[in-house]
Amino acid sequence: MTKYTPQLPAGRAPLYTRLADQLELDINEGRLEAGAKLPPQRDLAYELGATVGTIGRAYALVRERGLVSGEVGRGTYVLARNTPHEKNLPHIGIAFEGTRHQEPSDTILRFDSTAAPDVGQSEPIGTILAEIVRDHPAELASYTRTFPTRWLEAGALWLSRAGYEVNPEHVVPTLGAHPAVLSVIASVTAPGDHIVYEHATYSQIARSAGLIGRRPCLVASDENGVIPQDFERLCAQRHPKLAFLMPTAQNPTVRIMPAERRLEIAEIARAHNVWLVEDDIYGALSNDTAPLLTSFAPERTFLVGGLSKSVAAGIRGGWLACPPQYAPRIRVAHKMLTGGMPFLLAELCARLILSGTAAELRKRVLGEVNARLDMAKTILDGLEFSSAPNIPFLWLALPEPWLSSTFKNAAAERGVQIDDEDEFKPARTEQVFHRVRLGISSVATREDVQRGLQTIRSLIDEGPAGYDTFG
């Protein structure tokens, strides 16, 4: 293609949005014709003095607008417009899909997920489903209008740990942990409110919250998690309404926040009247015995958990333990956001827990995860990474001169899909980790895990010289 370098307009908007807007303008005005190939991300990053991750976000945004298509290894191409009126249609101004490929190849090894591995869940789940269909034909034919006590008791049992006992009256069943958190955000904050996140975290919460007008603000962390002094500074200067935290096996760093630090965070939140969300999705797997953050501030903390990492992700099982009096409000918010809790899934998850089947499946999951962790430690021996027993991911440090986004692209070209650090950034930040996350649980077999990890190791040993971005 003819060399193309966009002329970026001035402005205060993030560079990636200005670049996306300029690309759209050049496509609409014919400077980029249908079939034209956009410059490789690495080349354009050099031309504009930006990071590869920034260019990737811009390309993802124009792809979301339906202007281009992209395939790993082939490049990004301008699409033909169907009608002359399409260029006048409004577009969504928020890139919310993150850095992951939305339709990866069926043959690629997925190291970008931490869902529970297949340990034979289908058989016990199938048995319970058949029992529910037999026992509750009327409930399956209609909407869920009541929440049986057993659903709440199951959630309380699953969420209770580390000496903290959840009251079933405070439990709300949800379609997984993610909708649980969004239901809290929609209920106790308003458009324009600030929400506190760490510089690297489960950023899909921040993207989802951004769609409903909530703004992120970032708090500094160290090896023990959120730094209390910086959290207090944010509370005093930015007046956030809520903080989203993962004290146990923080994603992606695997950090565990000590009890003393949890107490400090709770006291600061109380002093500044900030709500807390404790995402304990990995708590059901972890050996962490520190008291839950919820135990230090039960009047303002929403405790979130589910089955996706420890039992099965496809059954969408989640629960939320609310401060007293807030369960009805959250239940309504969850229904409005999701359309309501399906009887079949809620009953299935409750029976899995109350029958002891979920606990048995969790044991199998832990065995498989730890076997894969041992394999990863052997293959990656000598490299720097963070990991913890039972936790299905590693936070791998990249040696010089690898960049996180470049390494992700190189791995994808060799058939391994991983997450770079930008996937975990909830907002623009100057902090750079030079790390990638390797999720080892959802790859189909141990042989595939071994093959993928050996590919990762080979890439690191070869260095960037073995990765060609041109073509």
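A residue is called buried when its relative accessible area is under 20%, exposed when over 50%, and partly exposed in between, using a 1.4 Å probe and protein chains only. Helices (H or I, at least four residues) and strands (E, at least two) are DSSP runs, numbered from the N terminus. The model is predicted, and for that reason local features need pLDDT of at least 70 and side-chain atom pairs count only at pLDDT 80 or more, while totals for chains, interfaces and linings use all residues. Residues are numbered from 1 along each chain as its sequence is written, and side-chain values use heavy atoms, with hydrogens and water left out.

**Strand 17 and its sheet**

Strand 17 (residues 435–439) has 5 of its 5 residues buried, so it is largely enclosed by the rest of the structure. Arg 435, Arg 437 and Gly 439 point one way from this strand, whereas Val 436 and Leu 438 point the other way, and all are buried. Strands of a sheet pair through backbone hydrogen bonds, either parallel or antiparallel; here two strands count as paired if DSSP finds at least two bridges between them. Strand 14 (residues 393–397) pairs with strand 17 over 5 bridges, with Leu 394 having Leu 438 as its bridge partner.

**Helix 9**

In helix 9 (residues 228–238), the residues Pro 228, Asp 230, Phe 231, Leu 234 and Cys 235 are buried. Seen down the helix axis, the buried residues fall within an arc of 165 degrees (taken from the directions from the axis to the C-beta atoms), so they line one face of helix 9. On the other side of helix 9, Gln 229 and Gln 237 are exposed. The buried residues of this helix pack, by contacts of heavy atoms within 4.5 Å, against several elements, including strand 5 (194–198), helix 10 (259–271) and strand 10 (275–279).

**Lys 309**

Lys 309 is placed in the loop between strand 11 (301–306) and strand 12 (318–321). Lys 309 is buried yet has no salt bridge, and the nearest side chain of opposite charge, Asp 279, is 8.4 Å away. A salt bridge here is a side-chain nitrogen of Lys or Arg within 4 Å of a carboxyl oxygen of Asp or Glu; Lys and Arg count as positive and Asp and Glu as negative, while His and the chain ends are not counted. Not counting residues up to four places away in sequence, Lys 309 touches Thr 114, Ala 115, Ala 116, Ile 281, Tyr 282, Leu 285 and Val 365.

**Backbone geometry**

Most residues other than glycine have a negative phi, and most peptide bonds are trans.

| Residue | Phi | Relative accessible area |
|---|---|---|
| Ala 162 | near 55 degrees | 33%, partly exposed |
| His 434 | about 55 degrees | 36%, partly exposed |

Ala 162 lies in the loop between helix 6 (149–159) and strand 4 (171–174), and His 434 in the loop between strand 16 and strand 17. The peptide bond from Asn 251 to Pro 252 is cis, with omega near 20 degrees, and the bond from Glu 400 to Pro 401 is cis with omega near -5 degrees.
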